[in-house]
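Student: Could you walk me through this structure? I'd like to know what stands behind each term you use.

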Amino acid sequence: MISINNLLVQRNGRDALKIDSLEIRKGETLAVVGPNGAGKSTLLLTLADLIKPVRGEISFHNKTLKEWDELEYRRKIAFVFQDPLLMDMSVEANIGLGLKFRGVHKETAREQIIKWSKAMGVDSLLNRRAGQLSGGEAQRVSLARAFVLDPELLLMDEPFSAVDPQTRAQLLKDLSRVLAQDHRTTIFVTHNLKEAAQFGDRVAVIIDGELKQVGKPKLIKEKPADKSVRGFLKGL
């Protein structure tokens with residue numbers, strides 16, 4: 001579904017991310033791990049076409065991002081941030097905001113809002129204002145808002161890092177269940193290798209702005225590609 005080749009991304013005049021080659025299959029969940037400032041979020045922003053690489057190509061369904069119409073491409077993706085970034089309105093209005101922008105008929109939108117609010121466990125909160133939600137509830141609404149758009153590619157940048165461990169564990173469990181049923185292609189950034197192993201079909205390790213290793217969680221743990229990956233794993 002996604003092919004990355006010879007990629008170089010710079011930020012503030014410095015090399016921020018290098019990827020020689022990376023393929024992501026349709027329906028796969030790829031967990032991306034690495035130290036702070038390693039380039040994980042840069043990968044997501046580049047895949048979202050919010051940062052333009054200085055070299056290389058990203059292809060989506062065998063068309064490079066340069067060949068895609070920007071609006072058409074961005075309608076195929078959804079981004080879930082660390083901060084839920086909800087608007088000062090009801091949960092129902094927040095979940096349906098993207099559908100409203102796209103001009104989706106109210107009845108159709110309502111069906112999708114109910115479907116995904118139930119999937120994310122916030123269907124009892126539809127009339128509540130966003131400001132009245134707990135951190136975990138707000139992130140569930142953020143996830144429902146992403147899924148309701150029916151994206152082909154879901155990008156998540158440490159979406160559970162701001163919630164308590166118990167809430168985080170339940171959110172991961174619920175999201176894993178939804179993705180197992182839904183087979184949505186997902187790229188998930190996390191600091192937590194245990195979380196990555198639980199959640200990802202494969203794990204990608206980015207260190208010092210460079211993709212060092214991609215593989216099954218067990219393989220990376222047992223056979224790190226080099227001393228930088230080994231050192232990162234030891235420090236966790």
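**A strand and its surroundings**

Tutor: Gladly! Strands E6 and E7 run parallel and are joined by four bridges. This is a predicted model, in which local features need pLDDT of at least 70 and side-chain atom pairs count only at pLDDT 80 or more, while totals for chains, interfaces and linings use all residues. Residues are numbered from 1 along each chain as its sequence is written, and side-chain values use heavy atoms, leaving out hydrogens and water.

Student: How do you know that E6 and E7 pair?

Tutor: Two strands pair if DSSP finds at least two bridges between them. E6 and E7 have four bridges, so they pair. Within E7, Leu154 stands opposite Ala78, and its bridge partner in E8 is Thr186. E7 and E8 (residues 185-189) also run parallel, with five bridges. Strands here are DSSP runs of E with at least two residues, and helices are runs of H or I with at least four, numbered from the N terminus.

Student: What makes E7, H7 and E8 a right-handed unit?

Tutor: They make a β-α-β unit. A crossover is right-handed if, with the strands pointing away from the viewer, the path from the first strand over the helix to the second runs clockwise. The unit of E7, H7 and E8 is right-handed, so its path runs clockwise in that view.

Student: Why is E7 called mostly covered?

Tutor: Five of its five residues are buried, where buried means under 20% relative accessible area with a 1.4 Å probe, protein chains only. Leu153, Leu155 and Asp157 lie on one side, Leu154 and Met156 on the other.

Student: What makes a group of residues a nonpolar core?

Tutor: A nonpolar core is a set of buried Ala, Val, Leu, Ile, Met, Phe, Trp, Tyr and Cys residues joined through side-chain atoms within 4.5 Å. The largest one has 33 residues, and those with the most contacts inside it include Met156 and Phe160. Strand E7 and helix H7 are among the elements that give it two or more residues, and H6 gives the largest share, six residues. A second, separate core of 32 residues includes Trp68 and Ile77.

Student: How do you know that Phe160 is in contact with Phe188?

Tutor: Contact means heavy atoms within 4.5 Å, so that pair has heavy atoms within that distance. Leaving aside neighbours within four places in sequence, the contacts of Phe160 also include Leu143 and Leu175.

Notes: Buried means under 20% relative accessible area, exposed over 50%, partly exposed in between (1.4 Å probe, protein chains only).
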